[in-house]
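The entries below follow the order in which I looked things up.

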Amino acid sequence: MANPQQTRDRILDAAETLFFQEGIAVTGVDRVAASAGVAIVTLYKHFGSKDNLLREVLSRRLDAWTQHWDAAVAGAGSAEGRLLAVFDAVETFRAAAGPTQWCCFLATASERPAPEEGHSDPVFELIRQDTRIVTDRLTDLARDAGYEDPATTASTLLLLYNGVLSSLLRGAPSDPVALARTTARALLGSRAGRPSSTPG
């Protein structure tokens with residue numbers, strides 16, 4: 001008898017690969033079910049709809065990304081290192097993520113318009129949640145490192161982070177992670193981003 005969790009994981013794996021290699025809109029649930037080796041009725045039993053399936057894929061992806069970022073922050077040896085650990089996390093996450101190596105949240109946002117004011121969209125809320133997590137954490141890390149304007153510092157790093165993800169999508173010939181890390185260090189050391197006190 002099939003293990004329900006294993007079946008669920010197979011469906012999620014198939015959906016993640018197809019959604020972010022071939023596109024969300026063009027990938028039907030029948031294709032996902034076939035790739036996972038299950039009947040469509042089994043897919044619907046586990047997830048109920050394509051939107052719910054996409055939401056679960058993104059939620060799982062967000063959990064995995066957060067674990068990599070947590071590990072990168074924990075392994076950093078200084079406050080500035082913890083702030084720049086987001087770029088280390090990109091490297092380790094890409095190495096572990098398999099064929100869907102760029103940002104699934106940017107991919108979803110590019111295919112899915114933001115809901116109109118007053119309307120909710122659980123899938124788009126996960127995109128917003130991902131943005132909030134990155135922004136808030138960078139702000140907290142910048143504050144811990146003693147930067148006078150943590151919000152601006154976080155916004156600057158967010159631009160570099162998004163640039164890395166976009167460059168990876170475009171297949172940039174140089175290493176965008178290394179370049180972003182070097183650029184971030186230069187920006188953080190500039191007058192506009194200099195810490196108000198020496199980081200511990």
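I find helix 5 (residues 79–96) and helix 7 packed at an angle of about 165°, with axes 8 Å apart; the two helices are therefore roughly antiparallel, the term for angles over 145 degrees. Axes are lines fitted to C-alpha atoms over the stretch in contact, and angles run from 0 to 180 degrees between N-to-C directions. Helices are DSSP runs (H or I, at least four residues), numbered from the N terminus.

The model is predicted: local features need pLDDT of at least 70 and side-chain atom pairs pLDDT 80 or more, while totals for chains, interfaces and linings use all residues. Residues are numbered from 1 along each chain as its sequence is written, and side-chain values use heavy atoms, without hydrogens and water.

I looked up the contact (heavy atoms within 4.5 Å): Ala79, Arg82, Leu83 and Val86 of helix 5 meet Leu138, Leu141, Ala142 and Asp144 of helix 7.

Next I took helix 6 (residues 104–111) and helix 7 (residues 122–144), whose axes come within 10 Å and cross at roughly 135°. Phe105, Thr108 and Ala109 of helix 6 touch Val123, Leu126, Ile127 and Asp130 of helix 7.

Last, I listed the buried residues (under 20% relative accessible area, 1.4 Å probe, protein chains only) of helix 2 (residues 29–36): Val29, Val32, Ala33 and Ala36. They fall within an arc of 100° seen down the axis, so they line one face of helix 2; the arc is that of the directions from the axis to the C-beta atoms. Gly37, with a positive phi near 75°, follows helix 2.

How values were computed. Buried means under 20% relative accessible area, exposed over 50%, partly exposed in between (1.4 Å probe, protein chains only). Angles under 35 degrees count as roughly parallel, over 145 as roughly antiparallel, 65 to 115 as roughly perpendicular and the rest as oblique.
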